[in-house]
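Hi,

Here is the structure I said I would pass on.

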Amino acid sequence: MAALRQRCSLWLLTILMFCLYWNPAGSVRTKTKIYIDLKTQSACFRTFNGTHQMGCASSQSGNVGIVYYIQKSEDFDWILNDGPHAPYIVVMDTKDFIGDNVRRLYKRSDRVTGIMVISLPPKNDNSSSWPQDGFSISDSCPNDQAGLYRDSKVYGGCKKTKWNLPGSGLIREDLGIPVFALSDESDVDKILKKCFFKFNERDNGSSRGYPLCAAELKIQMFGAVDTEVCLRRSNQAFSLLPGSIICDPMGDKNNHVTMMNTPQNETRANDSVIIVGARMDSTALFTLEYRSSDTCVSGFVTLLAAMEALWRVKNMIRNTAGAKDIMFAFFHGESYDYIGSSSMVYSMQQGTFPQDLNSDRDDLHLHNIDLQHIHQFVELNQVGYRDKGSLWMHTDPDNRRAKQAQIKNMIDGLKAATQGLNVSLQEADQTQPLPPASSQRFLMERADIPVVVVTDHQAEYTNKFYNSRLDLAEFINATDYPPGLTEAEKYDFVTTQAEMISELATALARYLYEASTGVAPDPNVKDTLTANTSTVTHMLYCFLVSPNCELLKEIVPHYNSESLETALLPYPFYVGIHGDQSQISALIYNLMARFTGELVDLDESHCKTDDHDKRYSYLYVQGNKVGSGKDRQGWCIKSLVQDSDAYSPAFQIDDYDWKSGKYSTWSESRWAKDSLKVRLFLVPSPHLQLLTLLSGLVVLLLSMIITYLIAKRSGEIFQQQQPSEQQPTSG
Amino acid sequence: MTLMEFFGCTFITFGPPFALFVFTIARDPMRVIVLMASAFFWLCALLMSSIVWFAVVPLRDHLAFGVVFSVLLQELFRFLFYKILRKAHDGLLAVSQQTTEQHVTPKDFSNRHIMAYVSGLGFGVIAGTFSIVNVLADMTGPGTIGIEGDSKFFFWTSACLSLCIVLLHTAWGVIFFSALDKNQWTRVIMVIAAHMFFSCISLVNQQSSSDNSGVYMGSLIPSYLLLIGSGAAAFLTAGGSFVNLKNALICRKGRYEIE
């Protein structure tokens, strides 16, 4: 027995050694062997206006299709007509992702169930990576139906000038299939190397056989139909339950600041406020891919620089008798039918602008500004490029006829202000209407406000990437750093665009001084009214390259500092939903306070609005660094900066007629955290699948039959031995 | 649409056990109870194996180590179940005689192989379930295996091996219990050795890839050969023989004998 035991243990040991020789393995869930998940969350999502549903969505579990990468134009025919494995998920390069191609694909939803666009930064300065004629998701006549010329027979529909030639109009189309952007290198690697080239690429024109690589694109959107229906569904009786609100109106905050602090118990004369405005937003097709350089950044940075210069002489202006008030206004949501400017005009008409407070109380607040108080409106649109080396001033022909003298003064004044500066302002064709601009909403309600819009195009846009993720900083020379600079050096380097903006901001500040006081600035004042190039380049860096910059760190409260430091990309310029304020409008508010306000000696707990003088807003921010450590001074800034809702009046008016088109009705569908997903996998040939199923059925049937037969006859088959008999072992 | 693959593999793995359950176990409550109890004992063995695996931190990545211990623990629990079943034999007999259920025949207890078979099937069903249910769950999505370079026969092979283990456990149950009844220790050792052999040979599957599907044959063929061998041994142990089989299925002689 001992020998037997010894032999057994030896045998067991051998087996143990034998087995341990095999390669080690970690436990792996089968799912990780089947699916490759992509990181991308840059999806085109569903939006609504009062009458339509637009954007992209997939079925609830995702759209599945065979991956096909378009490399030449014949591939379109393959996908749409000849390919035998429809439906396909199309992968294309940025240069092919233009309106016409996208339309060709999504309109054949039986053959194309999804699109992915490879959106990597180009490795070299290869201009062939971009669509040749530009790309813009707005249509060729942006915001036409929301602007001054919607009913105009002469100027409506861009009859005179098509502003946005590369406009694809995708912003207003219901693509109906999921569309993703791939901006991560590893994602592109996976889909091309591991998926398409390995399994799906045609060899010599004929298709490959199974197994084929497929993708599942999931964009689960909760809302449907249009804004009216979606809001109604959200507001039903059970709206207190989580998950019942399925769409949100778009909106944000407008920022504005006035030079004078006129309280409500004084008078504000008619035609006594100069408004100078710019927009803060742009848009693009994909979430997380909201870039802008010319579309909005060039404009609002110029305005901020001009503001900073102008406020240096605020006491001079305030003390000048009869000086006009100057209001700097920044509008949000202008890409979506002028949400911000229509909201401001509406609140002016309601008497709640700039502060919505009762006027019978005896604490001070700012005197309201109504349309009749506006003396003139100067707007900066896209000002990053130059058209024939110059910037252009546009006016509305009817407006010009009504206010000939004033507009001539404005134009001459602006031209004069550029004297001695390296910036050129010229007049655009007088028969040409205004380009899409926020000031159009003001003219719609009061047609005799003299309006001049300054842009970088004489007729059509020079910007080929208006409202697009391709509106890159490189194109306006805002990031032309010499090679080999560190981030800190890049932050301080004065780029070409920074110089251009400084010149324009200086001209604007000088013009405003004269327009307000009525007197030309003397040489000392002129020198003071020079934009700070360093501040301008800092702003460009912070908004276009990285928010992790000293300028922004100084003007945020300490609890936002970490958000700045961990930001990997510039903050997005998309308006977003009302109630969820974007970083851009919040940062611009703080920058305005910094440039126009004064530091007061209050600590954080006392740095809040005075009970009796509500004109001034108080802001406590980190401030500049002290010493070499992480400590910061802490500033309490007192200023006249205000914000107001950029929230379309359509959502504020009871029983608004959603089909009227009077105000912006844009809203965004809601989605869940895991609603956006792309994964890759193989699909087996239908034959193999059928074979597996059939073999299973055969096994099941056979086993049922055999078991039945044996069970029935089990008595005879299994003859019982008597328990007392010892049988020799058999078998 | 790999839903077809899902159903195919489910039927392959669970078809025969389902047939066995329906035709030999379902009508008899006593057998159902013993089936469930033996399944539970297998689960206990799995629990102990996981504790051992978890406790030995440095060897966690080495599958082989876990496999060896798991096999030994499963056989240990089979032995424990045998002990319990035999001890409870008299009690169960008493219970079954008090209730006048028509279909509970004393045959269940006079023929010790029946409970051995039922307990083996219980072990087998739960072992098979645990080995395939995760794979089945992942099969229901739109994709099949292969994009990371694995063989496309993975699902089919998993199902076949799981079926193999269900039937093997059933056979081993019969052999094991009868060997212990008769104190034939060599047979017990052989069951344990067969189990070890089967588990270790399945480790060969790790070498598979999309170009190398043939590796699966290296585990499938020995496993099925082992199944045929164990099945034959169990068949003979339970009192069957080729002659009886021929008589029962082909000849009509002896069909009307009263048992």
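First, confidence: chain A has a mean pLDDT of 90, with 93% of its residues at 70 or more (pLDDT is the predictor's confidence in each residue, from 0 to 100).

Some housekeeping. This is a predicted model, where local features need pLDDT of at least 70 and side-chain atom pairs count only at pLDDT 80 or more, while totals for chains, interfaces and linings use all residues. Residues are numbered from 1 along each chain as its sequence is written, chains are lettered from A and ligands numbered from 1 in the order in which they are written, and side-chain values use heavy atoms, leaving out hydrogens and water.

On the overall picture, the C-alpha trace of chain A spans about 130 × 60 × 60 Å along its principal axes. Chain A has 21 helices and 22 strands (DSSP runs numbered from the N terminus: helices are H or I, at least four residues; strands are E, at least two). The chain splits into domain 1 (31–128 + 168–250 + 654–683), domain 2 (251–647) and domain 3 (694–718), with bounds from an automatic or database domain assignment. Between the C-alpha centres of domain 1 and domain 3 of chain A there are 51 Å.

Now the strands, which pair if DSSP finds at least two bridges between them. An open antiparallel sheet of 4 strands in chain A runs β3-β2-β21-β9. β3 (53–54) and β9 (247–249) are at the edges with a single partner strand each, so one side of each has no neighbour in the sheet. β2 (residues 47–48) is joined to β3(A) by 2 bridges, and Thr47(A) sits opposite Met54(A).

Elsewhere, β6 (residues 112–118) of chain A runs parallel to β7(A), with 4 bridges; Val117(A) has Ala181(A) as its bridge partner. In β7 (residues 179–182), Val179(A) and Ala181(A) point one way, Phe180(A) and Leu182(A) the other, and all are buried (under 20% relative accessible area, 1.4 Å probe, protein chains only). Across chain A, 56% of the 731 residues count as buried.

Cheers

How values were computed: Buried < 20%, exposed > 50% of the residue type's maximum accessible area, 1.4 Å probe, protein only.
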